Amino acid sequence: MEISEKEFIQMKSEINRLTRMNEALVAVEVEKVPAVGLFKGVAINNTYEVETANAEHGHLDLGRYVLPANQYYRLDNRGYIRSDMKDVPMTHELHDMLRSLTLAAFGTKKNIGLQTRQDQDEAVKLYQALRMVWVEAYRERLDRVTE
């Protein structure tokens, strides 16, 4: 089977195009941050926001808990009752929730599912924004229940 010079040139052109696309994809993959440490440094359990909010309301010893529930009462269908600690999320659980919500916005469940460095950067910014919204709501609630 013989191919014409025109077909040969077209095939060579297609091979060159595919090679350039492959090189571009490899460059994007190299540009990614390791997925394991994506939220390191911005994670809510790596900040003092919860501990500071708790300390401002007189609960220094409960900093690792999101809500110092053994100091506060929660409202249920019987009125205000004392909370027990099994109902209280820890800060690492809060981080997992914020991380899951952030990744869901990008259509993935794992950090490695973020395809480009730009996606990773945007995910970190979204996580920080969600964290700040949560911290503000938490502070407002502490202000309200300690009045």
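Tutor: Start with E122, which has a relative accessibility of 36% and therefore counts as partly exposed (buried means under 20% relative accessible area, exposed over 50%, partly exposed in between, with a 1.4 Å probe and protein chains only). E122 is found in helix 4 (helices are DSSP runs of H or I with at least four residues, strands are runs of E with at least two, and both are numbered from the N terminus). The C-alpha atoms of E122 and F106 are separated by 9.4 Å, while the two residues are 16 apart along the chain.

Before going on, note that this is a predicted model, in which local features need pLDDT of at least 70 and side-chain atom pairs count only at pLDDT 80 or more, while totals for chains, interfaces and linings use all residues. Residues are numbered from 1 along each chain as its sequence is written, and side-chain values use heavy atoms, with hydrogens and water left out.

Now the setting. The protein chain has four helices and two strands, and from the N terminus on these elements run α-α-β-β-α-α. Of its 147 residues, 29% count as buried. Take the contacts between residues at least 6 apart in sequence: 61% of them join residues at least 24 apart (contact means heavy atoms within 4.5 Å). The chain exposes about 10,300 Å², of which carbon and sulfur atoms supply 55% (accessible areas come from the Shrake-Rupley method with a 1.4 Å probe, and for residues only the protein chains shown count as cover).

Buried in helix 3 are T91, L94, H95, L98, R99, T102 and L103. Looking down the axis of helix 3, these buried residues fall within an arc of 165°, so they line one face of the helix (the arc is that of the directions from the helix axis to the C-beta atoms). An α-helix has 3.6 residues a turn, so residues three or four places apart point the same way. The partners of the buried residues of helix 3 are helix 2 (49-56) and helix 4 (117-146), against which they pack. After helix 3 comes G107, with a positive phi near 75°.

Setting aside neighbours within four places in sequence, E49 is in contact with I44, R131, M132, V135 and R139. From E49 to Y138 there are 89 residues in sequence, yet C-alpha to C-alpha they are 9.9 Å apart in space.

The structure holds two salt bridges (a side-chain nitrogen of Lys or Arg within 4 Å of a carboxyl oxygen of Asp or Glu). One joins R117 and D121, with the closest N and O atoms 3.3 Å apart. R117 and D121 are four residues apart in helix 4, which puts about one helical turn between them. R117 is partly exposed at 31% relative accessible area, and D121 is partly exposed at 34%.

Another salt bridge joins R17 and E14, the closest N and O atoms being 2.6 Å apart. These residues lie in helix 1, three residues apart, and are separated by about one helical turn. R17 is partly exposed at 36%, as is E14 at 34%.

Finally, I3, F8, I9 and M11 form a nonpolar surface patch with about 370 Å² of accessible area together (patches are made of residues with over 30% relative accessible area and no salt bridge; like charges are joined within 9 Å, nonpolar side chains, namely Val, Leu, Ile, Met, Phe, Trp and Tyr, within 5 Å).
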